Amino acid sequence: AGSESLVVGFGDDFEPTVVLAEAAHGTAPSLLGKNVANPMAMILAAAAVLGYAGDDEARAALAIRESCLEAVAAGVRTADLGGHSGTSEFTDEVIRRTKRKLHVLSAPDE
C-alpha cells in the first residue's frame with residue numbers, strides 16, 4: 001500500500017521517452033467514499049512521473065516523496081499501516097509538508 005510502480009519506455013539513446021506510473025496494489029471498490037483508503041501509493045506514483053518532467057518538477061517530486069514518508073514516520077498513517085488517519089487526513093498532511101518544503105526551497109539564499 002505504500003509503493004508506486006513505474007513502466008519506463010526508452011528511446012534509441014536509452015533516455016526515457018514514456019513513463020507510466022501506478023499504485024502497485026489493485027483497486028478497492030468496497031472502500032469508495034469511506035475515507036479509509038491509503039492514498040500513499042498513488043501520491044508516490046504521481047511524484048514519480050513528475051520527477052521526469054524537468055528540474056523544478058523533480059524538486060517538487062522529491063518534496064512530495066519525502067513528505068509522504070515523513071508523514072508516515074510521524075505517525076500519520078491509515079489503518080492498513082497501523083494508524084487511525086483517514087484518506088483525507090493523510091493527504092492533507094502530505095500537502096502541508098510539501099508546501100512547507102517547497103517554500104523553504106524557493107526562499108532566497110541569505
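Guide: Two residues are in contact when heavy atoms of theirs lie within 4.5 Å. The model discussed here is predicted.

Visitor: In what order do the elements of the protein run from the N terminus on?
Guide: The protein has 3 helices and 2 strands. Starting at the N terminus, the order of these elements is β-β-α-α-α.

Visitor: What percentage of the residues in the protein is buried?
Guide: A residue is buried when its relative accessible area is under 20%. The protein has 110 residues, and the buried share of them is 27%.

Visitor: How much of the accessible surface of the protein belongs to carbon and sulfur atoms?
Guide: The C-alpha atoms fill a box of roughly 45 × 40 × 20 Å along the principal axes. The accessible surface comes to about 7,200 Å², and the part belonging to carbon and sulfur atoms is 58%.

Visitor: Which elements do the buried residues of α1 pack against?
Guide: Helix α1 covers residues 40-50. Its buried residues are M40, A41, I43, L44, A45, A47 and A48. M40, once neighbours within four places in sequence are left aside, is in contact with A1, G2, C68, L69, V72, L81 and F90. Taken together, the buried residues of α1 pack against β1, β2, α2 and α3.

Visitor: Which residues is T98 in contact with, leaving aside neighbours within four places in sequence?
Guide: T98 lies in helix α3, and its relative accessible area of 9% is under 20%, so T98 is buried. A61 is 37 residues from T98 in sequence, while their C-alpha atoms are 9.3 Å apart in space. Beyond its sequence neighbours, T98 is in contact with A63, I64 and S67.

Visitor: Is E93 buried or exposed?
Guide: E93 is found in helix α3, which spans residues 87-106. Not counting residues up to four places away in sequence, E93 touches A71 and V76. Its side chain also makes a polar contact of 2.7 Å with the side chain of R97. The relative accessible area of E93 is 13%, which is under 20%, so E93 is buried.

Visitor: How many residues apart in sequence are the parts that R65 and E4 tie together?
Guide: The side chains of R65 and E4 meet in a salt bridge of 3.1 Å, N to O. R65 lies in helix α2 and E4 in strand β1, so the parts tied together are separated in sequence by 61 residues.

Visitor: Which helices hold E66 and K101?
Guide: E66 and K101 form a salt bridge, with the closest N and O atoms 3.2 Å apart. The pair ties together parts that are 35 residues apart in sequence, because E66 is in helix α2 and K101 is in helix α3.

Visitor: Which residues are linked with R97 in a network of salt bridges?
Guide: R97 forms a salt bridge with E70, the closest N and O atoms being 3.9 Å apart. R97 lies in helix α3 and E70 in helix α2, so this pair ties together parts 27 residues apart in sequence. R97 is buried at 11% relative accessible area, whereas E70 is partly exposed at 29%. The network links R97 with E66, E70, E93, R96 and K101.

Visitor: Is F14 buried or exposed?
Guide: F14 is found in the loop between β1 and β2. F14 has a positive phi of about 65° although it is not a glycine. Its relative accessible area is 67%, which is over 50%, so F14 is exposed.

Visitor: Where is N35 found?
Guide: N35 is not a glycine, yet it has a positive phi of about 60°. At 38% relative accessibility, N35 is partly exposed. The place of N35 is the loop between β2 and α1.

Visitor: Which residues make the nonpolar surface patch of about 250 Å²?
Guide: Y52, one of them, sits in the loop between α1 and α2. Y52 has a relative accessible area of 46% and is partly exposed. The patch is made by L6, V49 and Y52.

Note on methods:
Residues numbered from 1 in each chain as written. Predicted model: local features only at pLDDT ≥ 70, side-chain atom pairs only at ≥ 80, totals over all residues. Heavy atoms only, no water. Helix = DSSP H or I, 4+ residues; strand = E, 2+ residues; numbered from the N terminus. Buried < 20%, exposed > 50% of the residue type's maximum accessible area, 1.4 Å probe, protein only. Polar contact = N/O pair within 3.5 Å; in protein donor to acceptor, adjacent residues only side chain to side chain. Patch = residues over 30% accessible without salt bridge, like charges linked within 9 Å, V, L, I, M, F, W, Y side chains within 5 Å. Areas by Shrake-Rupley, 256 points an atom, 1.4 Å probe, with all protein chains shown as cover. Salt bridge = Lys/Arg side-chain N within 4 Å of Asp/Glu carboxyl O.
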